[in-house]
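Please read it alongside the sequence and the coordinates.

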Amino acid sequence: MNRVPAAAENAHSSSVESCPSLRDVHSINPAQLMTRIESYEGREKKGISDVRRTFCLFVTFDLLFITLLWIIELNVKGGIETTLEKEVLQYDYSSSYFDIFLLAVFRFKVLILAYAMCRLRHWWAIAFTTAVTSAFLLAKVIISQLFSQGAFGYVLPIISFILAWIETWFLDFKVLPQEAEEENRFLIAQDASERAALLHPGVLSDGQFYSPPESVAGSDEDSEEKQDSEKPVV
C-alpha cells in the first residue's frame, strides 16, 4: 500500500534535485560567455602563450649564461685569442670546454625551433635534448680531465646539466599543463555559449532587427469608400 506514496516522494525529490541544475543552466549570461571566448581567442591570436614565452626566455638565458662562463674561462687561462685557438682549432675532448658551449647552442636551436617556431605541444623535443646533454656530460666527466683544470672543470658541466633538467621540468610541469587547461576552458566556454544561444533564442545579436509588416497601398482609400457605401441613403 505504501509503494505509490514512496514512488511519488522519490519522483518529487528527483525533480527537486534537478531544479538547481536547471537554474544553473538558465542563469548563464551570454554576454559574459562571449567576453570570455573573445579573451581566449585574443590569446590564440597572439600566437604564443605567456608561459611558453617565459620558457623560451629561459632557454635563451641558458645559452647566454653558458657562453658567459665559457668566455670567463677563456680569459682565466691566458687570453681569449690564445685559448680560443687552442680549444677550437686544436680541439681536445679531454681538456676543451668548446663542446659544452656547442651543447648549449644545440639545446637552444632545437628548443626554440620546436616550441617557439613550430609551437609543439609534446615533450619529445626536450626529452631528446636533455638525454643528449646528460649522456654527453656524463661521458665527458668520466673520460676527460676537466677536474684537474680548476674550478671551471666543475662549474661548466654541472651548470649545463642543471639548466637542461630545469628546462625539462618547466616545460613538462608548467607549460604543457597550463596550455592544456586554458584550451579546455575555451572549449567549455564555447560549448556553454552554444547552449545559452539555444536556451535564449529571443536574444538578438548586433545588427539583427525586425521590420514591421508592409502596409498595403491604398488601404486607407478602400476603408473610406467602404464607410461611404455603408451610410444610409436619405
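1. Arg121 is partly exposed, at 48% relative accessibility; here buried means under 20% relative accessible area, exposed over 50%, and partly exposed in between, with a 1.4 Å probe and protein chains only. The model is a predicted one, in which local features need pLDDT of at least 70 and side-chain atom pairs count only at pLDDT 80 or more, while totals for chains, interfaces and linings use all residues. Residues are numbered from 1 along each chain as its sequence is written, and side-chain values use heavy atoms, with hydrogens and water left out.

2. Arg121 takes part in a salt bridge with Glu183, with 2.7 Å between the closest N and O atoms; the term denotes a side-chain nitrogen of Lys or Arg within 4 Å of a carboxyl oxygen of Asp or Glu. This pair links distant parts of the chain, since Glu183 belongs to helix H7 and Arg121 to the loop between H5 and H6, 62 residues apart. Helices are DSSP runs (H or I, at least four residues), as strands are (E, at least two), numbered from the N terminus. Glu183 is partly exposed, at 37% relative accessible area.

3. The count of salt bridges under this rule is eight. Among them, Lys140 pairs with Asp99, the closest N and O atoms being 2.7 Å apart.

4. Within helix H7, Arg185 and Glu181 lie four residues apart, about one turn of the helix. Their side chains form a salt bridge of 2.8 Å, N to O. Glu181 is partly exposed, with a relative accessible area of 40%, and Arg185 is likewise partly exposed, at 45%. Elsewhere, salt bridges with shared partners join Glu73, Lys77 and Glu87 into one network.

5. Arg107 is buried, with a relative accessible area of 1%. The side chains of Arg107 and Asp62 are joined by a polar contact of 2.9 Å. Such a contact is a pair of N or O atoms within 3.5 Å; within protein, one must be able to donate a hydrogen and the other to accept it, and residues adjacent in sequence count only if both atoms are side-chain atoms.

6. How many disulfides are there? The count is zero, a disulfide being a pair of cysteine sulfur atoms within 2.5 Å. Cys56 is buried, with a relative accessible area of 10%, whereas Cys118 is partly exposed, at 49%.

7. On the surface, Val141, Phe147, Tyr154, Ile158, Phe161, Ile162, Trp165 and Ile166 form a nonpolar patch with about 710 Å² of accessible area together. Helix H7 (residues 152-199) supplies the largest share of this patch, six residues. Patches comprise residues with over 30% relative accessible area and no salt bridge, like charges being joined within 9 Å and nonpolar side chains (Val, Leu, Ile, Met, Phe, Trp, Tyr) within 5 Å. Accessible areas come from the Shrake-Rupley method with a 1.4 Å probe; for residues, only the protein chains shown count as cover. Ile162, in helix H7, is partly exposed, at 42% relative accessible area.
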